[in-house]
Amino acid sequence: MKATEAGLLAFLKKSPQFVIPIYQRTYSWTEKECRQLWDDILRAGRDDSISVHFIGSIVYIEAGLSQVSHQAPLLVIDGQQRLTTVTLLLAALAEAVGDEEPLEGFSARKLRNYYLLNPEESGDRHYKLILSQTDKPSLTGIVGQPQEAPAEKSIRIDQNFKLFKDLIAGKSRDLTQICKGLAKLVVVDIALSRDQDNPQLIFESMNSTGRELSQADLIRNFILMGLEPTLQSRLYEQYWRPMETAFGQEAYTTHFDGFMRHYLTVKTGDIPRLDAVYEAFKGHARSPAAAEAGIEALVKDIRDYARYYCAMALSAEADPNLKLAFHDLRELKVDVAYPFLLELYNDFSTGDLSREDFLEAVRLVEAYVFRRAICTIPTNSLNKTFATFTKALKKDRYLESIKAHFLLLPSYRRFPNDEEFRRELQLRDLYNFRSRSYWLRRFENHGRKERVPVDEYTIEHIMPQNEALSAAWKEELGPVWERVHLDYLHTLGNLTLTGYNSEYSDRPFKEKRDMNGGFKFSPLKLNEGLGTVEVWTEEAIKTRALKLASLAPAVWPAATLDEAVLSAYRAPKAESANYTINDHPHLLTEAVGTLFNAFRKEVLALDPCVTEEFLKLYVAYKAETNFVDVVPQAKNLRLSINMKFADINDPRGLCKDTSAVGRWGNGEVEVKVHSMDDIPYAIGLVRQSLEQQLGNSEDS
């Protein structure tokens, strides 16, 4: 490695050409980063006390330090964003100065011939900076001779060039300041030898200024950077570039990291932290199975799963029924389901899962998520539920095993049954539900072949929202109008769709019903029956809510299986010796027994799913498995908390690491409860184990 400090303009002038390798990310600086650079240049240009302004490093690969060909292009592995942004600024400045030269060396001709072009060269060698893919024609079109705009413009190149033209136009009377600032820009020029340096390690360790690399950027570079050039180009063109194109410029930036997280969850069974996707990927790529399959198989596999993801998450599905099912699921915003759905889509694509069964499985996921939301079941277990779902699949009985697993999920992960769903749907505040257009659209279009574009309508409160209800509405609702308004305003029975929201306003019910465009004449299924209602009262709201709720199980159907089939999927119950509290003499003493009863009351109250089981040597408290075991002792309770010792948050330092010690109970954490005063703190420790088992953090 050779590193030297260099003025940026001098560095550009002496270098024959910079080429961005195909494995590098596309140009991604936004207006924020461009304005920051602009402000820095102006500040340096107007302040004579500032002699230089450092903007980071430019790292590139050359043939070898002892045999550098000064005509060979330099492959940039870090600094693309700064080089491209300064190039756009210089191109905009060249347009602005025209025939003038506000500062020596800054005429339009010199700006272009020194820093933007190689005037004596042709073809690609004519340009100082060659970007990759979509960025390339956009940049060459700006810095070269006027030419027809490319078919697909680079969004960032186009936006930032226009930004600099506007900023320069605003400083047209003081172009000297811009020129002076540009002349003070300094970089660290870092030349690597392909034979002597490891570009990948250097790339990872660079502390780049500007826009942080995404996890996907790091993964792409990890895969492609070290490959022989011919293989590198082929894998990029055949697999990676089609992925970038399928996502699109904007979605690639916003969705690809999330996709890679879902992909790794499918492949490893573990959910990587959002900021650790790259590290998880390196572990996967270096695993014996992936290493044996080879780099091309790995890249192809990512490409296949990216296609599935784009079909589901980016509306790229061709099949109309699947496309609609994915659209409905997206509206619920449950990204944690994607690992499971990616696995299903893969099996669908290979023919192991039929189209009809795949569609039904997607609809079951939708119903599961929506029913749980309506029944206000906390979502904190969904990530773990879907991450581990495929372990329960029996692919010779694919759909059956999916249904069975849904039906056998324990209480806190349960698939709410029809009765619970109907009951809660009538009571829930659905107006402030996060996806209210979703449930209205699903109700309205259920069973329709000619779909109603619900987004063209507005949601209507039959009983008005206005807190100051009119005298007519108070009379209609009766003496308890305040309670009825409070209890039912945003509920199922009082909500509908209309195209006449402004005309309805706060009119009395009969006027809304009978006016031109009123409920009586509405073509919408949601308004069926309103034309025959005489008065809008508490009873009328409840009657309509019951009617709609009775339809809901057909709109969001639950999994169903015969008990004889389901019983084959139930885990066999372990034979129990039927131990009881009487088998633990210490718990029968007054002191320890009182302590235990107080502790067990608090543990059982943590969640409805918690169960208690007396075993020979200890008492176990379980959700799906033990999260804390209580070993009765003569004067205290010894708790064995089922967590890694490194994971427990223990501010008082009372916990003991038992990972290397033989103990009854599960886990690496031990803590003792000596008195009633110890119980609140101990429960706080125990809760951590339960929440970890339930999957409390979806972004962890």
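Q: In which strand is Ile641 found?
A: The model is predicted, so that local features need pLDDT of at least 70 and side-chain atom pairs count only at pLDDT 80 or more, while totals for chains, interfaces and linings use all residues. Residues are numbered from 1 along each chain as its sequence is written, and side-chain values use heavy atoms, without hydrogens and water. Strands are DSSP runs of E with at least two residues, numbered from the N terminus. Residues 637–641 form the strand that holds Ile641, namely β12.

Q: Is Ile641 buried or exposed?
A: A residue is buried under 20% relative accessible area, exposed over 50% and partly exposed in between (1.4 Å probe, protein chains only). Because the relative accessible area of Ile641 is 0%, Ile641 is buried.

Q: Which residues does Ile641 touch, not counting residues up to four places away in sequence?
A: Contact means heavy atoms within 4.5 Å. By this criterion, Ile641 touches Phe627, Val628, Asn666, Gly667, Glu668, Val669, Val671, Leu685, Val686 and Ser689.

Q: What distance separates the C-alpha atoms of Ile641 and Phe627?
A: Phe627 is among the residues that Ile641 touches. Along the chain the two residues are 14 residues apart, and their C-alpha atoms are separated by 6.1 Å.

Q: Does Ser154 count as buried or exposed?
A: Leaving aside neighbours within four places in sequence, Ser154 is in contact with Thr134, Asp135, Ser138 and Gln249. Because its relative accessibility is 0%, Ser154 counts as buried.

Key
Helices (H or I, at least four residues) and strands (E, at least two) are DSSP runs, numbered from the N terminus.
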